[in-house]
Amino acid sequence: MGTIWSGGHKSREEIEMALSKVKEVVSSNPVVVFSKTYCGYCKRVKQLFKELNVSYKLLELDEESDGSEIQSALAEWTKQTTVPNVFIGGQHIGGSDAVMEKHRAGKLVPMLTEAGAIANNSAQLSSI
(Lines give C-alpha, C1' and ligand atoms only; values in the text may rest on other atoms or scores of the structure.)
Protein backbone atom coordinates (compact mmCIF):
# COMPACT_ATOMS: atom_id res chain seq x y z
CA MET A 1 0.00 0.00 0.00
CA GLY A 2 1.30 3.42 -0.92
CA THR A 3 1.40 6.54 1.13
CA ILE A 4 -1.50 8.95 1.25
CA TRP A 5 0.30 10.99 -1.39
CA SER A 6 0.60 8.17 -3.94
CA GLY A 7 -1.23 8.56 -7.21
CA GLY A 8 0.11 12.01 -7.97
CA HIS A 9 0.73 15.14 -5.99
CA LYS A 10 -2.21 17.18 -4.79
CA SER A 11 -1.90 20.89 -4.57
CA ARG A 12 -2.24 22.68 -1.25
CA GLU A 13 -5.34 24.37 -2.68
CA GLU A 14 -6.97 21.02 -3.56
CA ILE A 15 -6.38 19.69 -0.06
CA GLU A 16 -7.65 22.92 1.55
CA MET A 17 -10.83 22.72 -0.57
CA ALA A 18 -11.30 19.07 0.40
CA LEU A 19 -10.70 19.87 4.08
CA SER A 20 -13.33 22.60 3.95
CA LYS A 21 -15.79 20.13 2.38
CA VAL A 22 -14.98 17.45 4.98
CA LYS A 23 -15.50 19.83 7.90
CA GLU A 24 -18.80 21.04 6.41
CA VAL A 25 -20.08 17.47 5.98
CA VAL A 26 -19.01 16.50 9.51
CA SER A 27 -20.60 19.58 11.09
CA SER A 28 -23.84 19.12 9.13
CA ASN A 29 -24.50 15.43 9.90
CA PRO A 30 -24.86 13.55 13.20
CA VAL A 31 -22.80 10.63 11.90
CA VAL A 32 -20.41 10.51 8.94
CA VAL A 33 -18.55 7.51 7.54
CA PHE A 34 -15.78 8.10 5.02
CA SER A 35 -15.41 4.74 3.30
CA LYS A 36 -14.38 2.86 0.17
CA THR A 37 -16.73 0.40 -1.51
CA TYR A 38 -14.22 -2.47 -1.57
CA CYS A 39 -12.93 -2.07 2.01
CA GLY A 40 -13.80 -4.98 4.31
CA TYR A 41 -13.34 -2.90 7.48
CA CYS A 42 -15.70 -0.29 6.04
CA LYS A 43 -18.27 -3.00 5.33
CA ARG A 44 -18.09 -4.11 9.00
CA VAL A 45 -18.93 -0.60 10.22
CA LYS A 46 -21.69 -0.12 7.63
CA GLN A 47 -23.20 -3.51 8.56
CA LEU A 48 -23.13 -2.66 12.29
CA PHE A 49 -24.77 0.71 11.63
CA LYS A 50 -27.43 -1.04 9.51
CA GLU A 51 -28.12 -3.52 12.33
CA LEU A 52 -28.39 -0.63 14.81
CA ASN A 53 -30.64 1.32 12.40
CA VAL A 54 -28.25 4.28 12.40
CA SER A 55 -28.99 7.24 10.16
CA TYR A 56 -25.64 8.40 8.75
CA LYS A 57 -23.96 10.22 5.89
CA LEU A 58 -21.80 7.93 3.77
CA LEU A 59 -19.06 9.14 1.45
CA GLU A 60 -17.48 6.41 -0.66
CA LEU A 61 -14.11 7.96 -1.45
CA ASP A 62 -13.47 5.67 -4.41
CA GLU A 63 -16.66 7.03 -6.03
CA GLU A 64 -16.08 10.72 -5.24
CA SER A 65 -14.29 12.76 -7.91
CA ASP A 66 -12.20 14.37 -5.15
CA GLY A 67 -11.96 11.23 -3.00
CA SER A 68 -8.17 11.17 -3.01
CA GLU A 69 -8.04 14.79 -1.88
CA ILE A 70 -10.66 14.09 0.80
CA GLN A 71 -8.60 11.19 2.14
CA SER A 72 -5.50 13.42 2.23
CA ALA A 73 -7.46 16.14 4.02
CA LEU A 74 -8.79 13.61 6.55
CA ALA A 75 -5.25 12.38 7.18
CA GLU A 76 -4.09 15.93 7.80
CA TRP A 77 -7.05 16.72 10.12
CA THR A 78 -7.37 13.45 12.04
CA LYS A 79 -3.88 11.92 11.60
CA GLN A 80 -5.72 8.77 10.39
CA THR A 81 -4.73 7.68 6.89
CA THR A 82 -7.11 4.72 6.57
CA VAL A 83 -10.82 4.14 6.03
CA PRO A 84 -13.33 3.85 7.46
CA ASN A 85 -12.95 7.20 9.12
CA VAL A 86 -15.94 7.73 11.42
CA PHE A 87 -17.33 10.86 13.08
CA ILE A 88 -20.19 10.91 15.60
CA GLY A 89 -21.64 14.19 16.81
CA GLY A 90 -18.81 16.07 15.12
CA GLN A 91 -16.22 14.08 17.08
CA HIS A 92 -13.62 11.94 15.33
CA ILE A 93 -14.11 8.35 16.54
CA GLY A 94 -11.55 6.56 14.38
CA GLY A 95 -11.75 3.45 12.26
CA SER A 96 -13.40 0.06 12.41
CA ASP A 97 -11.52 -1.15 15.50
CA ALA A 98 -12.42 2.00 17.45
CA VAL A 99 -16.11 1.75 16.48
CA MET A 100 -16.28 -1.97 17.33
CA GLU A 101 -14.51 -1.41 20.66
CA LYS A 102 -16.97 1.33 21.62
CA HIS A 103 -19.82 -1.01 20.70
CA ARG A 104 -18.39 -3.89 22.78
CA ALA A 105 -17.94 -1.50 25.72
CA GLY A 106 -21.57 -0.35 25.48
CA LYS A 107 -20.57 3.22 24.58
CA LEU A 108 -21.54 3.36 20.90
CA VAL A 109 -25.35 3.30 21.13
CA PRO A 110 -25.46 6.11 23.75
CA MET A 111 -23.14 8.22 21.55
CA LEU A 112 -25.31 7.57 18.49
CA THR A 113 -28.49 8.32 20.44
CA GLU A 114 -27.08 11.56 21.84
CA ALA A 115 -26.03 12.60 18.34
CA GLY A 116 -29.59 11.98 17.12
CA ALA A 117 -28.59 9.18 14.75
CA ILE A 118 -30.82 6.53 16.33
CA ALA A 119 -34.15 6.87 18.09
CA ASN A 120 -34.26 6.81 21.88
CA ASN A 121 -35.45 3.63 23.48
CA SER A 122 -39.24 3.93 23.98
CA ALA A 123 -38.89 2.62 27.56
CA GLN A 124 -36.74 5.65 28.35
CA LEU A 125 -39.38 7.96 26.88
CA SER A 126 -42.26 6.46 28.85
CA SER A 127 -40.80 7.56 32.19
CA ILE A 128 -42.05 11.13 31.68
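This report covers a helix contact, a strand hairpin, the cysteines and some backbone features of a predicted model.

## Helix H2 against helix H4

Two packed helices are described by the angle between their axes and the distance between the axes. For helix H2 (residues 40-51) and helix H4 (residues 96-104), the axes come within 9 Å and cross at roughly 30°. The crossing of H2 past H4 is left-handed.

On the H2 side, the contact is made by Tyr41, Arg44, Val45, Leu48 and Phe49. H4 contributes Ser96, Asp97, Val99, Met100 and His103. By residue type, this contact of H2 with H4 has six nonpolar, two polar and two charged members.

## The hairpin of E3 and E4

Strand E3 (residues 85-88) pairs with strand E4 (residues 91-94) in the antiparallel sense, over three bridges. Ile88 stands opposite Gln91 in E4. Two residues lie between the strands of this hairpin, and Gly89 takes a positive phi near 60° there.

In a regular strand the side chains alternate between the two faces of the sheet.

## Cysteines

A disulfide is a covalent bond between the sulfur atoms of two cysteines. With a cut-off of 2.5 Å between cysteine sulfur atoms, the count in this model comes to zero disulfides.

Cys39 has a relative accessible area of 10% and is therefore buried, the cut-off being under 20%. Cys42 is also buried, because its relative accessible area is 0%.

## Backbone features in the loops

Most residues other than glycine have a negative phi, and most peptide bonds are trans. The residues below depart from one or the other of these patterns.

The loop between H2 and strand E2 (57-60) holds Asn53. Asn53 is not a glycine, yet its phi is positive, at about 60°. Its relative accessibility is 64%, so Asn53 counts as exposed, for which the cut-off is over 50%.

The loop between helix H3 (67-78) and E3 contains Pro84, and Lys79 also has its place in the loop between H3 and E3. Lys79, a residue other than glycine, has a positive phi near 70°. Lys79 is exposed because its relative accessible area is 69%. Val83 and Pro84 are joined by a cis peptide bond, with omega at about 0°.

Terms used. Residues numbered from 1 in each chain as written. Predicted model: local features only at pLDDT ≥ 70, side-chain atom pairs only at ≥ 80, totals over all residues. Heavy atoms only, no water. Axes fitted to C-alpha atoms, helices over the stretch in contact; angles between N-to-C directions. Helix = DSSP H or I, 4+ residues; strand = E, 2+ residues; numbered from the N terminus. Left-handed = near helix turned anticlockwise from the far one by under 90°. Contact = heavy atoms within 4.5 Å. Nonpolar A, V, L, I, M, F, W, Y, C, P; charged D, E, K, R; others polar. Pairing = 2+ DSSP bridges. Buried < 20%, exposed > 50% of the residue type's maximum accessible area, 1.4 Å probe, protein only.
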